[in-house]
Amino acid sequence: MSTEHAVEDELQALIASEGPIPISRFMAMANAAYYSYHDPFGAAGDFITAPEVSQMFGELIGLVLADCWRQAGNPDVAYVELGPGRGTLAVDALRSMALVNLEPPVHFVETSPFLRDYQAEMVPGAHWHDSTATLPTDVPLMIIANEFFDAMPVEQYVKTMMGWRELMVRHDDIDGFATVPGQIPCEDKIPIELRDAHTASVYEQSAPSRRLMRNLARRLAAQGGVLIVIDYGYFDRHAGDTLQAVHAHAYADPFVRPGRSDLTAHVDFSALKRSAQSIRGIKVRGPFDQGDWLVAIGIDLRADQLTRANPGRAAELAAARMRLIHPDQMGTLFKVMGVSGRGWPAVPGL
Ligand code: SAH
């Protein structure tokens, strides 16, 4: 298992032998190490995600999936989660799905051995996968990806005096890890409207995310099912460099102490949407703002119910609701996109 220190040594050795490496490779290795050895969530960790804010988040997602399943005619299905973290969302969603007797087998795509152990305690009987390639092929898939695509590696390109170059990561003992433009011209990777951008402009994209989205859409087209992607990101603009590192609830330098902080980038929803739509028979809805979506699918009703049942928790529930939907908190930065396969309805609320 790669720990924080081991991955720093591995990256140094790799760069010493091969020369500068693409940012995407640095990000993939740093994140694999980061997630492999500890629990990053919660007050004592590095960050908090929506399912950790409140049970309402997973419960409402479970109800939405149950609604899709009923509209699709109650078929045998599998529940799939990409990067389930502590398993909290799955537990909350499965509990609300069970209310309508929807109790599907659970499949987790998770690479971290540490988090797999955690998830096994939360959801006994789940099945684990290293990638989506081994997910069941014989039933429709109801797939959730919450804060998963933001951890996928991104490539970055910079406009230099000599044209567009991929940004690479170098290392020396004085500066540590630092970025440097690569040697090879790469205009062909840059959207036409950005090719004449001014010097030092950065274009970022995630080829692994687009590939994954196409693969999932192919599955949904062939097998049926729905995919809900929830993440922070943007839709209709080129955002430049959005790579960021978070450690202990504060921003850190992505190139200092790889493996110690969570590396993420804003998700380019327009690229994901195009990837899904490139597959025949796929319907895509959204992205919508998370806050609007949660209101549309009933967060106010659920907050009222929980408050009536637990009057002592009224302030906590009100704060959690605000955190999930308010524009100054997670409400507009986070987006929701629904992808539906053949014979399946659009995701409710989108
Ligand atoms: N969905 C959870 C966790 C988000 S953190 C929540 O909302 O709380 C990202 C999750 O994705 C972690 O479980 C991490 O181990 C997993 N992960 C990151 N990169 C991965 C990859 N390439 N393949 C599979 N899982 C990955």
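Buried means under 20% relative accessible area, exposed over 50%, and partly exposed in between, with a 1.4 Å probe and protein chains only. The model is predicted, so local features need pLDDT of at least 70 and side-chain atom pairs count only at pLDDT 80 or more, while totals for chains, interfaces and linings use all residues. Residues are numbered from 1 along each chain as its sequence is written, and side-chain values use heavy atoms, with hydrogens and water left out.

**Exercise 1.** Determine which residues of α5 are buried, and what covers them.

*Solution.* 
Step 1. Locate the helix: α5 spans residues 88-98. Helices (H or I, at least four residues) and strands (E, at least two) are DSSP runs, numbered from the N terminus.
Step 2. List the buried positions: Thr88, Leu89, Ala90, Asp92, Ala93, Leu94, Ser96 and Met97.
Step 3. Identify the cover, which includes α3 (50-53), α4, β2 (78-82), β3 (106-109), α6 (113-122) and β5 (141-146).

**Exercise 2.** Describe the largest nonpolar core and the surroundings of leucine 65.

*Solution.* 
Step 1. Examine leucine 65: beyond its neighbours within four places in sequence, leucine 65 is in contact (heavy atoms within 4.5 Å) with Tyr79, Met97, Leu102, Met142, Ile144, Val226 and Ile228.
Step 2. Note a second, separate core of 29 residues, which includes Val109, Phe148, Met152 and Val339.

**Exercise 3.** Locate the backbone features at proline 287, alanine 200 and arginine 257.

*Solution.* 
Step 1. Glycine 286 and proline 287 are joined by a cis peptide bond, with omega about 5°; proline 287 lies in strand β15 (residues 283-289).
Step 2. Alanine 200, although not a glycine, has a positive phi of about 85°. Alanine 200 sits in the loop between β8 (176-185) and β9 (202-205) and counts as exposed because its relative accessibility is 53%.
Step 3. Arginine 257, also not a glycine, has a positive phi of about 50°. The loop between β12 (250-252) and β13 (262-264) holds arginine 257, which counts as partly exposed at 35% relative accessibility.

Key. Core = buried A, V, L, I, M, F, W, Y, C linked by side-chain atoms within 4.5 Å.
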